[in-house]
Amino acid sequence: MSENRTSVHANRSNVRHAWTRAEIRQIYRQPLPDLLFQAQQLHREFHDPRRVQFCRLLSIKTGGCPEDCAYCPQSAHYSTEVARGGLLPVDEVTEFAGRARTEGATRFCMGAAWREVKEGEDFENVLEMVRRVAQMGMEVCCSLGMLDEKQAERLAGAGLTAYNHNLDTSPEFYGQIITTRNYSDRLRTLAAVRKAGITVCCGGIVGLGESDEDRVGLLHQLSTMDPHPESVPINALVSVAGTPLGHQEPLDPLIFVRTIATARILMPAAMVRLSAGRRSLSREAVALCFVAGANSLFIGEKLLTTPNPEPEDDAAMLQALGLEPLSLR
């Protein structure tokens, strides 16, 4: 299934998958001006540098997740201000998606705080949500936890464009962040998604307390997938009180920029998405992210349960940078 991309004519022979960690480390650690220059060259080769895709994310089932992800306020293992709720009604989600479309979103993402997809009424309702959003002409993405090949096929049949399932961090650091699910579980879900013909949305989080080497490890995992994920969301940790990472030191914004630029170089055809954590970045840092090759952001007042920049602030920033939203095709 195709994504609504900003691609321009490009030499696809430039896309590599056989990256080594040593090569990625060398790219990531080069002087920042050189890194940004290399990333910007590839960005212009594969995408329209003036266009940014607007995405909208909705939590369709919030809280009570049995996973113990150390960053997540929706985990049932931690005491946070996030209240547990059931699956939202189909009509309510449809109305929300319609508003997102009028606000300029060309991609609508639905997230449910589940460990895994289970057959039953809730999954049937999610399938109907997918059908209705797809009928609006938007790309539709879901993040529902683990799923098997049959469930992926049913989502594809309903019109799902993409499935989000992040790796979060490197294989080596993963066990310090999550213990209720292992790396191979995530890779199996991604394989089921790919087999069903759904595009893959897979990225990670920086600022978890990981090292540069862990960021290299995450990027290695993503960039050696063949094909690459069509969508690579890069998140900055949003520290939430009550979670194990609630007191984590703020991330150096230039580390975030380096991660985005390296992702753009390694996976030049992918949509690199500015995801969670933008409120912790200055306007100048966000501008550098676009220079580094990001070409998508999430609009709206919040992402699942954490705050997002105000719409008027985003509009002013994009106007100042001379960037324009991607239109529906």
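A residue is called buried when its relative accessible area is under 20%, exposed when that area is over 50%, and partly exposed in between (1.4 Å probe, protein chains only). The structure is a predicted model, in which local features need pLDDT of at least 70, side-chain atom pairs count only at pLDDT 80 or more, and totals for chains, interfaces and linings use all residues. Residues are numbered from 1 along each chain as its sequence is written, and side-chain values use heavy atoms, with hydrogens and water left out.

Pro268 has a relative accessible area of 1% and is therefore buried. Pro268 is located in the loop that links helix H9 (253-266) to strand E8 (271-274); helices (H or I, at least four residues) and strands (E, at least two) are DSSP runs, numbered from the N terminus. When residues up to four places away in sequence are not counted, Pro268 touches Val15, Leu42, Phe46 and His47, contact being defined as heavy atoms within 4.5 Å.

Helix H4 comprises 15 residues (121-135) and reaches 21 Å from its first C-alpha to its last, close to the expected 21 Å. The expected span is 1.5 Å times one less than the number of residues. The buried residues in H4 are Phe123, Val126, Leu127, Met129, Val130 and Val133. These residues lie on the same side of H4, because they cover an arc of only 155° around the axis, the arc being that of the directions from the helix axis to the C-beta atoms. Strands E1 (51-61), E2 (107-112) and E3 (139-143) pack against the buried residues of H4, as do helices H3 (90-102) and H5 (149-158). Exposed Glu121 and Gln135 are carried on the face turned away from the buried side of H4. Gly137, which follows H4, has a positive phi, near 90°.
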